[in-house]
Amino acid sequence: MTKDTDVRQSASRDDGDALFSARLKEARENCGLAQNAVAHRTKLADPDGKGISRTALIGYEQGSSRPGLREIRLLCEVLKVSPNWLIFGMESPATALQASMDFFPAVSKSEIVNVAHAALALTAVKGHERDAILSLLLSLAGRQLGDLRLSALLTLGPMFARGLLKELKEFSPGLTAETTLQDLAEALSRDGGTTLGNRLRFDEEFNVDGGSWLYPDPAPIESTEKSKEKS
């Protein structure tokens, strides 16, 4: 892990701690309680009678220290808020995310696999949308690497593309170097499907049998060649 990565991860944790501290103070003030009053009520709520001291509460609100599970439980009970809201700022953080995001943490913790997931998703978007995403991506990468190193990185693209095409042909033998991304997305996504990445329910034959659609099932994608024939 590089020093820059350590700094970014530390900054991310600091942001989370600051938001937690702000929400904790907000919850206390919404109840109209002083820090002494909260400390006293946590002792009453604690089966062991220990509670949380005013000094500890000040540390939590200032972000200089972090509460453990026992302390969070007591704070939520006294301040009448849920742990989800106190920690994440929303009641249901898991359901607030797109279901398809499950692929990123659930299938593999490997960052390179996450990159592959993102690349496959890019094949399904429209050309002008892909251009906009690539423009943003290259801008961010350029700021991280600089012009020279970004150029060196991107020159490896054709080599990786050849290897990728070879692997993809195992799933769809008809693919060639001239296959459009639209046709590629159609070929790779046509058959199959899992319960991961959506909130659908399936019967024993794996047909959709209820649940909720985030994205309605679209009409079949027509290949570029078929579109040309019609025109």
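How are helices H9 and H10 oriented to each other? In this predicted model, H9 spans residues 127-145 and H10 spans residues 147-154, and the two pack with their axes 7 Å apart at an angle of about 120°. H9 and H10 are therefore oblique to each other, since an angle counts as roughly perpendicular from 65 to 115 degrees and as roughly antiparallel over 145. The crossing of H9 past H10 is right-handed. On the H9 side, the contact is made by Leu-138, Ala-141, Gly-142 and Leu-145, which meet Asp-147, Arg-149, Leu-150, Leu-153 and Leu-154 of H10. Sorted by class, the residues of this contact comprise 6 nonpolar, 1 polar and 2 charged.

A further helix pair is formed by H2 (residues 35-45) and H4 (residues 69-79), whose axes come within 9 Å and cross at roughly 110°. This angle makes H2 roughly perpendicular to H4. From H2, the residues Val-38, Arg-41, Thr-42 and Ala-45 take part; their partners in H4 are Arg-73, Leu-74, Leu-75, Glu-77, Val-78 and Leu-79. The contact of H2 with H4 has 6 nonpolar, 1 polar and 3 charged residues.

Strands were also examined. Strand S1 (residues 199-202) runs antiparallel to strand S2 (residues 208-212), and 3 bridges join them. Phe-202 is placed opposite Val-208 of S2. The hairpin of S1 and S2 has 5 residues between the strands, and in this hairpin Phe-206 adopts a positive phi near 65°.

Conventions. Residues numbered from 1 in each chain as written. Predicted model: local features only at pLDDT ≥ 70, side-chain atom pairs only at ≥ 80, totals over all residues. Heavy atoms only, no water. Axes fitted to C-alpha atoms, helices over the stretch in contact; angles between N-to-C directions. Helix = DSSP H or I, 4+ residues; strand = E, 2+ residues; numbered from the N terminus. Parallel < 35°, antiparallel > 145°, perpendicular 65-115°, else oblique. Left-handed = near helix turned anticlockwise from the far one by under 90°. Contact = heavy atoms within 4.5 Å. Nonpolar A, V, L, I, M, F, W, Y, C, P; charged D, E, K, R; others polar. Pairing = 2+ DSSP bridges.
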